[in-house]
Every structure is written in C-alpha cells, then in structure tokens.
Amino acid sequence: MKNIYDRLKPDILASINADEQRYPYTTKALKFKLRSSECWSQLSVSDVQTIVTHSHDKFVDLNYIDFMWGDKFLTDGTNNNR
C-alpha cells in the first residue's frame with residue numbers, strides 16, 4: 001500500500017513543496033508524517049490542518065468528507081479505511 005505522501009494529488013504536493021523554503025520545520029515534519037502514514041485516519045487533526053494550510057485552500061471551502069477521508073487531497077479520492 002502506498003503511503004499518504006505518495007497518494008497526494010500533484011497540485012497539493014507541489015504546494016507543500018513550494019512552502020518548504022519558507023516554512024522548513026513544519027513542511028519537513030508534515031512530509032515525515034505523510035510518508036509514515038498509510039491511511040488518512042492515522043493523521044491527527046493538527047496534521048490535517050497543516051495539509052490544508054500548505055494546500056492554500058480555505059477551510060470554509062472544504063466539506064466533512066475532505067476532513068474525514070481526505071478525498072480532496074488524495075489521488076484515489078478515497079481512504080482504504082472506510
């Protein structure tokens with residue numbers, strides 16, 4: 001099974017990578033967490049908040065499915081834990 005980092009949509013991954021120079025600590029910590037997690041449910045609320053922050057999406061534009069299952073952020077649009 002691929003980890004969360006490998007399943008991120010290309011635009012989300014590009015946005016995270018673009019922020020690495022400006023926010024090196026949080027970006028590196030996020031990448032480590034994403035590479036060590038296989039399921040969206042293994043992420044903490046703080047991890048998801050960091051993904052949203054680095055994606056530059058607005059929280060109000062996301063729905064509960066995006067938060068619960070990561071559909072907006074993952075290439076397969078579904079979490080295998082459902």
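**Close-up 1. A nonpolar surface patch in the predicted model.** Phe-59, Tyr-64, Phe-67 and Met-68 make up this patch on the surface. Together, the four side chains' residues account for about 440 Å² of accessible area. Met-68 belongs to helix H5, which spans residues 64–69. Its relative accessibility is 49%, so Met-68 is classed as partly exposed. The cut-off for exposed is over 50%.

**Close-up 2. His-56 in the loop between H4 and H5.** Helix H4 covers residues 45–55, and His-56 lies in the loop between H4 and H5. The phi of His-56 is positive, at about 65°, although the residue is not a glycine. Most residues other than glycine have a negative phi. His-56 has a relative accessible area of 52% and therefore counts as exposed.

**Close-up 3. The crossing of helices H3 and H4.** Helix H3 runs over residues 24–35. The axes of H3 and H4 come within 11 Å. They cross at roughly 120°. Roughly perpendicular ends at 115 degrees and roughly antiparallel begins over 145, so H3 and H4 are oblique to each other. The crossing of the two helices is left-handed.

**Close-up 4. Val-48 in helix H4.** Val-48 sits in H4. Is this residue buried or exposed? Val-48 is buried, because its relative accessibility is 7% and buried means under 20%. Ser-15 is 33 residues away from Val-48 along the chain. The C-alpha atoms of Val-48 and Ser-15 are separated by 15 Å.

Technical notes. Residues numbered from 1 in each chain as written. Predicted model: local features only at pLDDT ≥ 70, side-chain atom pairs only at ≥ 80, totals over all residues. Heavy atoms only, no water. Patch = residues over 30% accessible without salt bridge, like charges linked within 9 Å, V, L, I, M, F, W, Y side chains within 5 Å. Areas by Shrake-Rupley, 256 points an atom, 1.4 Å probe, with all protein chains shown as cover. Helix = DSSP H or I, 4+ residues; strand = E, 2+ residues; numbered from the N terminus. Buried < 20%, exposed > 50% of the residue type's maximum accessible area, 1.4 Å probe, protein only. Axes fitted to C-alpha atoms, helices over the stretch in contact; angles between N-to-C directions. Parallel < 35°, antiparallel > 145°, perpendicular 65-115°, else oblique. Left-handed = near helix turned anticlockwise from the far one by under 90°.
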